[in-house]
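This briefing is for a reader meeting the structure for the first time. Please look over the sequence and the model, and then work through the topics below.

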Amino acid sequence: MSSDRFNVPKTAMVMAAGFGTRLRPFTETVPKALVPVLGVPMLDVVLNRLVAVGVKRAVINLHHLGDRIREHLKDRRDIEIVYSEETEILETGGGIVQALPLLGDEPFFAVNAKIIWLNGKTDALLRLAQNWDDARMDALLLLQSTVTAVGYDGKGDFTLDQEGRVRRRLGWQVAPFLYAGIQICHPRLFRDPPQGAFSTNVVWDRAIEEDRLFGLRHDGEWYHVSTPQHLKDVERHLSFHGIRF
């Protein structure tokens, strides 16, 4: 797919500030974003994916062992790296709000640095960009089928209607889709935000009420790395299929 017919965001927010508590003991000395999968830190996999679609600038939020991330990336030249240092954990929504002056006024990718994804027929980031509609959307989420996610054992997050609008699952439901940790969002999604730490779910819920939160089903594979057992499962699955990064 050529990107000449649509705009691919040139800036990305990479979420890398978390403690990674569930991934201890690895994260006692290594920030979660630098935990390797098949020998490659997850943060490098994410940045490589962004570079591959033409992203020029990555804003990375830092907190837990942030100096290790700075040191790890100090010689990287294929993408501009800018840091948003958090003196306290601001969660996903608060972290992006603090970084907004660095992200600019245009739509941007936001990617969690704790996931691994394999593209389907077309690069997932390009598919998001191709399906972005600035007039209708405040955010477009990449969604993964709950039953095919590797390293995930929850009940899912969302349903989709025929036009791709996202709806929350009811408390008793098992939803068909989970948020895959990748989205395009416009800065207006974060207008009038709560103060301090808050989850992106807060602004997503407002966008749902306004019919401005949309989802796109991922057509490749997706891996969640939150515990040492998840890491083992993901590496075993990738190795079995001959995947290398």
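Which residues line the second largest pocket? The lining consists of F6, N7, V8, P9, K10, E106, P107, A129, Q130, W132 and D134. The model is a predicted one, in which local features need pLDDT of at least 70 and side-chain atom pairs count only at pLDDT 80 or more, while totals for chains, interfaces and linings use all residues. Residues are numbered from 1 along each chain as its sequence is written, and side-chain values use heavy atoms, with hydrogens and water left out.

**Pockets**

- A pocket here is an open set of points on a 1 Å grid over the protein atoms alone, where a 1.4 Å probe fits and protein lies on both sides within 12 Å along at least five of seven lines; lining residues have an atom within 4 Å of a point.
- Of the 39 residues that line the largest pocket, M15, T92, N112, K114 and Y179 lie nearest its centre.
- The elements giving two or more residues to this lining are α3 (91-103), β6 (108-112), β11 (177-185), α5 (201-209) and β13 (221-224), and β11 supplies the largest share, with five residues; helices (H or I, at least four residues) and strands (E, at least two) are DSSP runs, numbered from the N terminus.

- Five of the five residues of β6 are buried, where buried means under 20% relative accessible area, exposed over 50%, and partly exposed in between (1.4 Å probe, protein chains only).
- F108, A110 and N112 point one way from β6, while F109 and V111 point the other way.
- Strand β1 (residues 11-15) runs parallel to β6 and is joined to it by four bridges, with M13 standing opposite A110; two strands pair if DSSP finds at least two bridges between them.
- β6 also pairs with β11, in the antiparallel sense and over four bridges, and here F109 stands opposite I184.

**Aromatic pairs**

- Two aromatic pairs are counted, under the rule that rings of Phe, Tyr and Trp (its six-membered ring) pair if their centres lie within 6.5 Å, with planes under 30 degrees apart counting as stacked, over 60 as edge-to-face and the rest as tilted.
- The rings of F158 and W204 have centres 6.1 Å apart and planes at 70°, so this pair is edge-to-face.
- F158 lies in strand β9 (residues 158-160) and W204 in helix α5, so the pair ties together parts that are 46 residues apart in sequence.
- The rings of Y179 and W204, with centres 4.8 Å apart and planes at 75°, are also edge-to-face.
- Ring pairs link F158, Y179 and W204 into a cluster; F158 and W204 are both buried, and Y179 is buried as well.

**R236**

- R236, which lies in helix α6 (residues 228-240), is exposed, with a relative accessible area of 51%.
- The side chain of R236 makes a polar contact with the side chain of D233 (2.6 Å); such a contact is a pair of N or O atoms within 3.5 Å, and within protein one must be able to donate a hydrogen and the other to accept it, while residues adjacent in sequence count only if both atoms are side-chain atoms.
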